[in-house]
Amino acid sequence: MDKILGDKIHGIAEKFPALNQTVNGRRLVYLDSAATSMRPRAVLDAIDAFYARDAANPHRGLYDMAQRATEAYEGARAATAKFIGADTDETVFTRNATEALNIIAYSFAPLVLQNGGSIVIPILEHHSNLVPWQVAAKKYGATLRYLYIDRATGEIPDAELKKIDADTKIVAFAHVSNVLGNMLPVNKLVAAAKAVRAVTVLDAAQSIPHFGLDLRALDVDFAAFSGHKMYAPMGIGVLYGKKKLLDSMPPFLYGGDMIEDVREQDTDFLPPPSRFEAGTQNAGGAVGLAAAIEFIESIGYDAIATHEAALIRRLVAGLNALPDVTVIGSTDENEPRFGAVSFNINGVHPHDAATILNDYGVAIRAGKHCAHPLLKYLDVEFNACCRASLDVYSTNADVDALLDAIPAVRKQLKL
Ligand SMILES: Cc1ncc(COP(=O)(O)O)c(C=O)c1O
């Protein structure tokens with residue numbers, strides 16, 4: 001078994017051209033995949049082939065090239081829908097997860113918040129799944145309630161779920177935290193929301209790179225993710241919505257390719273997904289997303305998960321073993337984490353740590369990770385932290401390069 005997995009993953013980094021570069025005379029050690037993953041040659045080639053051959057505007061022309069463009073774009077939608085366990089008319093292409101979440105907050109939230117009510121989100125949310133709800137709550141006179149996590153484990157205590165009550169209209173939550181890397185209890189959150197007939201929104205931006213997403217099985221009402229965190233290009237993302245909910249929503253943007261008929265004073269809109277895809281879309285990005293899905297399927301999520309879990313264990317164990325390093329959230333190396341591990345080097349501002357690590361060719365993210373309320377709540381030094389994050393192309397050598405470089409940080413700062 002291990003051998004089969006090893007064969008699929010071994011040497012995979014060579015398929016990612018951007019990983020093959022040096023930084024300050026050292027091999028690039030890319031540990032910022034939670035910000036954006038690198039793209040394999042197969043994805044770059046698929047985008048190139050689209051623009052080299054099929055680059056007409058989808059849905060508009062009757063000539064051959066335009067037909068091929070439409071087939072490429074709608075083929076990408078069909079592949080994406082199948083990949084996430086959805087129908088094509090439930091799968092809307094957006095620029096990214098942020099846009100998808102904003103569409104829900106802008107077009108759906110007013111339908112259920114006419115009489116106020118509450119929106120419930122965990123404190124660990126990325127700003128993309130927090131600020132739109134804050135704005136919607138203010139706009140419609142609703143309350144934004146937070147589910148506070150246990151600082152030591154990152155988990156949401158059951159008692160917190162009681163905040164999802166008869167007043168609650170929307171429960172929005174990340175599948176995996178972009179800071180702590182832990183998985184949220186989707187089934188419990190969906191059950192609590194269903195019990196009070198609240199609508200659920202899953203932010204899958206940090207889960208879909210690491211494990212499969214069967215939206216029908218999870219039974220969430222909406223979901224959002226970005227292609228660029230799963231080996232696809234930047235500028236393509238997905239909004240999933242149950243058909244009856246998308247059908248009930250007004251458009252977010254207005255213009256070409258989303259209308260049935262336009263008269264001088266009014267317009268009939270197309271049904272979803274077109275209703276939410278006004279203007280020329282990122283067809284090359286959609287093609288790249290389909291190629292990224294093919295790439296993931298060629299390896300399989302089982303192999304990806306096994307490989308990444310071993311790396312995460314090595315990383316957490318290595319960080320725990322270093323003096324003057326504090327792992328944020330659970331310090332248990334066997335606790336499941338997906339992609340990201342956050343930590344601090346005691347007494348060192350994370351920006352200084354990241355800058356010095358760059359001298360060693362190691363690229364990590366440092367700061368508040370678009371999660372200011374979480375970093376404040378965690379009460380860590382500097383209200384900020386370092387984050388190392390992995391993907392399928394990451395290796396033991398990458399993890400060891402980070403662990404080997406960390407002691408140099410305090411030394412360089414004469415601490
Ligand atoms: C959990 C989570 N949600 C949403 C986003 C937003 O993704 P994007 O910037 O691609 O819209 C991110 C990005 O880091 C994220 O980590």
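The second largest pocket is lined by 21 residues, among which His-126, Ser-128, Ala-205, Gln-206 and Lys-229 lie nearest its centre. A pocket here is an open set of points on a 1 Å grid over the protein atoms alone, with protein on both sides within 12 Å along at least five of seven lines, whereas a cavity is a set of points where a 1.4 Å probe fits but cannot get out, and lining residues have an atom within 4 Å of a point. The model is predicted, with local features needing pLDDT of at least 70 and side-chain atom pairs counting only at pLDDT 80 or more, while totals for chains, interfaces and linings use all residues. Residues are numbered from 1 along each chain as its sequence is written, and side-chain values use heavy atoms, with hydrogens and water left out.

The volume of the second largest pocket is about 260 Å³, a volume being the space filled by probe spheres set on the points, which are joined across faces, edges and corners. Its lining divides into seven nonpolar, nine polar and five charged residues, where Ala, Val, Leu, Ile, Met, Phe, Trp, Tyr, Cys and Pro count as nonpolar, Asp, Glu, Lys and Arg as charged, and the others, Gly among them, as polar. Because domain 1 (2-37 + 300-412) and domain 2 (44-297) both give residues to this lining, the second largest pocket lies between them; the domain bounds come from an automatic or database domain assignment.

The centres of domain 1 and domain 2, taken over C-alpha atoms, are separated by 28 Å. Their contact (heavy atoms within 4.5 Å) takes 38 residues from domain 1 and 35 residues from domain 2. The area buried between the two domains is about 3000 Å², of which carbon and sulfur atoms give 59%; buried area is the accessible area (1.4 Å probe) that two parts lose on being put together, summed over both. Tyr-301, Phe-338 and Tyr-377 supply 28% of the area that domain 1 buries against domain 2, more than any other three residues.

| Cavity | Volume | Lining residues |
|---|---|---|
| Largest cavity | about 40 Å³ | Phe-252, Leu-253, Arg-275, Phe-276, Glu-277 and Ala-278 |
| Second largest cavity | about 30 Å³ | Asn-57, Pro-58, His-59, Arg-60, Tyr-73, Asp-257, Thr-280 and Gln-281 |

By class, the largest cavity is lined by four nonpolar, no polar and two charged residues, while the lining of the second largest cavity has two nonpolar, four polar and two charged residues.
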